[in-house]
Amino acid sequence: MRLSQKSQVERIQLLDRSTDATPVVATVDVDAPIDRLWDCFRQAHLWPMWNRCFCWVKNDDLVRDDLLLWAFEPIKPWYLYRMPAVARIVEVEPLRKVTWEVTALPGMYARHTYFMDDLGAGCTRFGSWEKAMGWGFRMMGGFWTAHFQFVNRESLAGARRLGQVYSKHRSFDDPRWLREA
């Protein structure tokens with residue numbers, strides 16, 4: 001049975017056991033309350049304003065079972081590509097996390113989760129986790145690992161910028177403020 005024909009639970013179990021890659025994961029503490037940060041974060045079409053790994057995102061909101069459509073900036077500014085991507089949003093827990101699965105690339109299965117934890121006193125821990133497996137991943141593992149690290153690094157830097165915007169304006173109500181980030 002091909003990976004694409006397995007259930008989501010079976011794919012998650014295979015990914016957990018896979019030694020194709022170590023997960024790329026990190027967190028950053030953000031000076032913004034979790035409810036405000038989540039309300040800003042869930043507006044996926046605004047991600048390119050604060051997260052420099054994205055050049056565009058089609059989705060207005062994060063909705064379970066929707067396709068997430070976006071394009072990445074290159075991992076190095078002098079690389080001449082933009083990479084379109086499509087994934088299925090498989091988990092949305094408001095104020096907590098969103099997870100999507102990438103299955104569109106032959107021989108590759110990947111999961112990416114952005115997550116948040118309320119630290120109290122108006123502070124939120126923001127994190128990014130990603131892992132992939134499969135022959136398609138192994139064939140270009142060096143590129144994919146560098147790409148996942150780029151996404152992780154830029155996502156955390158963007159979350160820090162959101163904290164700075166919130167510290168200055170005490171809200172995320174005006175998208176122009178995100179351009180400052």
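User: Why does Glu73 count as buried?

Analyst: Buried means under 20% relative accessible area, exposed means over 50%, and partly exposed lies in between (1.4 Å probe, protein chains only). Glu73 has 19% relative accessibility, so Glu73 counts as buried. The model is predicted: local features need pLDDT of at least 70, side-chain atom pairs count only at pLDDT 80 or more, and totals for chains, interfaces and linings use all residues. Residues are numbered from 1 along each chain as its sequence is written, and side-chain values use heavy atoms, with hydrogens and water left out.

User: What makes the contact of Glu73 with Arg82 a salt bridge?

Analyst: The term requires a side-chain nitrogen of Lys or Arg within 4 Å of a carboxyl oxygen of Asp or Glu. The closest N and O atoms of Glu73 and Arg82 are 3.2 Å apart, and the pair forms a salt bridge. Arg82 has 55% relative accessibility and therefore counts as exposed.

User: How do you know that Glu91 and Arg111 meet in a salt bridge, and which parts of the chain does the pair link?

Analyst: Their side chains meet at 3.4 Å, N to O, in a salt bridge. The pair links distant parts of the chain, since Glu91 is in strand β4 and Arg111 in strand β6, 20 residues apart. Strands (E, at least two residues) and helices (H or I, at least four) are DSSP runs numbered from the N terminus. Arg111 is at 7% relative accessibility and so counts as buried. Both residues belong to a network of salt bridges that also links Arg11, Glu93, Lys97 and Glu101. The structure holds twelve salt bridges.

User: Why is the Arg125 and Asp29 pair said to tie together parts apart in sequence?

Analyst: Arg125 and Asp29 form a salt bridge with the closest N and O atoms 2.8 Å apart. Arg125 lies in strand β7 (residues 123-133) and Asp29 in strand β1 (residues 24-30), so the pair ties together parts 96 residues apart in sequence. Arg125, with a relative accessible area of 30%, is partly exposed, and Asp29, with 41%, is partly exposed.

User: What makes the phi of Leu95 worth noting?

Analyst: Most residues other than glycine have a negative phi. Leu95 is not a glycine, yet its phi is positive, at about 65 degrees. Leu95 lies in the loop between β4 and β5; its relative accessible area is 38%, so Leu95 is partly exposed. Arg170, also a residue other than glycine, has a positive phi near 60 degrees and lies in the loop between α5 and α6 (175-180).

User: Which residues form a nonpolar patch on the surface?

Analyst: A nonpolar patch joins side chains of Val, Leu, Ile, Met, Phe, Trp or Tyr within 5 Å, each residue having over 30% relative accessible area and no salt bridge. Trp135, Met139 and Met140 form such a patch, with about 380 Å² of accessible area together. Trp135 is found in helix α4 (residues 135-139).

User: How many residues line the largest pocket, and how do they divide by type?

Analyst: A pocket is an open set of points on a 1 Å grid where a 1.4 Å probe fits, with protein on both sides within 12 Å along at least five of seven lines, and lining residues have an atom within 4 Å of a point. The lining has 18 residues, with Phe72, Ala85, Val102, Leu105 and Trp144 nearest the centre. The lining residues divide into 15 nonpolar, two polar and one charged. About 220 Å³ of space lies in this largest pocket.

Note on methods: Patches are made of residues with over 30% relative accessible area and no salt bridge: like charges are joined within 9 Å, nonpolar side chains (Val, Leu, Ile, Met, Phe, Trp, Tyr) within 5 Å. Accessible areas come from the Shrake-Rupley method with a 1.4 Å probe; for residues, only the protein chains shown count as cover. Grid points are joined across faces, edges and corners, and a volume is the space filled by probe spheres set on the points. Ala, Val, Leu, Ile, Met, Phe, Trp, Tyr, Cys and Pro count as nonpolar, Asp, Glu, Lys and Arg as charged, and the others, Gly among them, as polar.
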